[in-house]
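Subject: Handing over a structure

Dear colleague,

My notes on what was found follow after it.

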Amino acid sequence: MVDYTNIIIFIILLICSAFFSASEVALIGISRAKVRALSDTGKRGKRLEKLKNNPDHFLITILIGNNIANVGASALATAISLQIFGNAGVAVATGVVTLLLLIFGEIGPKTYANRHLERVALFVATPISFLTALLSPFFFIYDRFRRKDTSPSVTEEEIREWIDVGEMEGAIEEEEKEMIYSVLRFNDTTAKEIMTPRPDVAVIADTATLEQAVAHFRETGFSRVPVYHENTDNIVGTLNFKDLFNAYSTDNRKASVKTLMLDVYCVPESKKIDVLLRELQVRRVHMAIVLDEFGGFSGVVTFEDILEELVGDIMDESDGDEVSDIIPLGDGMYLVDAQVRVALLNDRFDISLPEDPGNYETIGGLVFSQLGHIPRLGESIPLSHEHITLVVTKMRGRQILKIKMILPSVDYDDQDISGE
């Protein structure tokens, strides 16, 4: 005689197994960011947030409940099968219970929960919270002995992976991805990496007259320049064109720029630009003088340089055409400004020029690194692994100005060069 009570209990236990399986997937799978958003929607959202803040507690609760349900279901199925099939009931129960638990207790509920994480997580939050509360005496003891995990729940590498996935699935655009990547790199970037190097900085002597300073600004097109005393290693201030213009229209034009220059703000090459940005804002200055480890003048960093690390190049009326830094000559040859960054060339031409941010960032620095000596005009550097040749075509003293880059026979159109 079959005991229908056992069958009803077996069905209930099977439902409980499905409930705990779905709870496990939903509570583990839903992101903390989504939970924070749901916490403002009501009591269930707040319970869900509380559960998510203690993953060990809800996971142990689910595992205990799931094991009790599965073991109970197996025992009842065995008892029912023995009543119906006699000695063969054990084998029948094993096969039937395995199939039912696999389909209705594991695959079905977990698949559904994975497709409806938010809905299922909110639904199970209240009962799982209640069961977790029932086990609070056990958790009180458990928390006293467990080792607390101090590692961050989300790492920067995981964020980068999410961004890549978001771009592949069309959730974010490539420009948005690059901007987010720039933010992630921001606090790791140093002043040395973004500064305008000393050879490219236009400086003026503190003995220069106002007339000479005006001519200097007219020639360079800059709005502020460093001021040096006796030699360019000794930067003593900065001169703002606005201050110069106001003084030039009223004061003695033969006066020295020393009377107009502002206090200099110096930082080491290792200064992180996120800290530097805040300091520039606090000091209300737009330019910092970068010093090397020996205290010598290494370059300058402006407010605009730092912002460009976040939003990309900021072009104004005084900037030239960026594309002019890379001029196509035909037959896979390009005339490249020595200050163009190696990373930019690699991105635009899909090549792999050697990068070594610790030693150089520009193609001019790459040439110096490869040669190991001051190059001669016309000297070439073959890069065998990429079949690329670099030729020094213009110099000023020891400084490289222009380099001819000869690529393998590949078609590069103008759109590639402009980066559009």
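**Around glutamate 379**

Glutamate 379 touches Leu371, His373, Leu390, Val391 and Val392, where residues up to four places away in sequence are not counted and a contact means heavy atoms within 4.5 Å. Please keep in mind that this is a predicted model, in which local features need pLDDT of at least 70 and side-chain atom pairs count only at pLDDT 80 or more, while totals for chains, interfaces and linings use all residues. Residues are numbered from 1 along each chain as its sequence is written, and side-chain values use heavy atoms, with hydrogens and water left out.

Glutamate 379 sits in the loop between H16 and S11; helices (H or I, at least four residues) and strands (E, at least two) are DSSP runs, numbered from the N terminus. With a relative accessible area of 13%, glutamate 379 is buried, a word that means under 20% relative accessible area, with exposed being over 50% and partly exposed in between (1.4 Å probe, protein chains only). Its side chain makes a polar contact with the side chain of histidine 373, at 3.1 Å, and a polar contact is a pair of N or O atoms within 3.5 Å; within protein, one must be able to donate a hydrogen and the other to accept it, and residues adjacent in sequence count only if both atoms are side-chain atoms. A polar atom of the glutamate 379 side chain also lies 2.9 Å from the backbone nitrogen of arginine 376. Glutamate 379 and leucine 390 are eleven residues apart along the chain, and their C-alpha atoms are separated by 8.4 Å.

**The nonpolar cores**

Leu390 is also among the residues with the most contacts inside the largest nonpolar core, which has 24 residues; such a core is a set of buried Ala, Val, Leu, Ile, Met, Phe, Trp, Tyr and Cys residues joined through side-chain atoms within 4.5 Å. At least two residues of this core come from each of S10 (333-337), H15 (342-349), H16 (363-371), S11 (380-383), S12 (388-396) and S13 (399-406), and H16 gives the most, with four residues. Apart from this core lies another, of 18 residues, including Ala26 and Leu48.

Glutamate 308 and isoleucine 194 are 114 residues apart in sequence, yet their C-alpha atoms are 9.3 Å apart in space.

With best wishes
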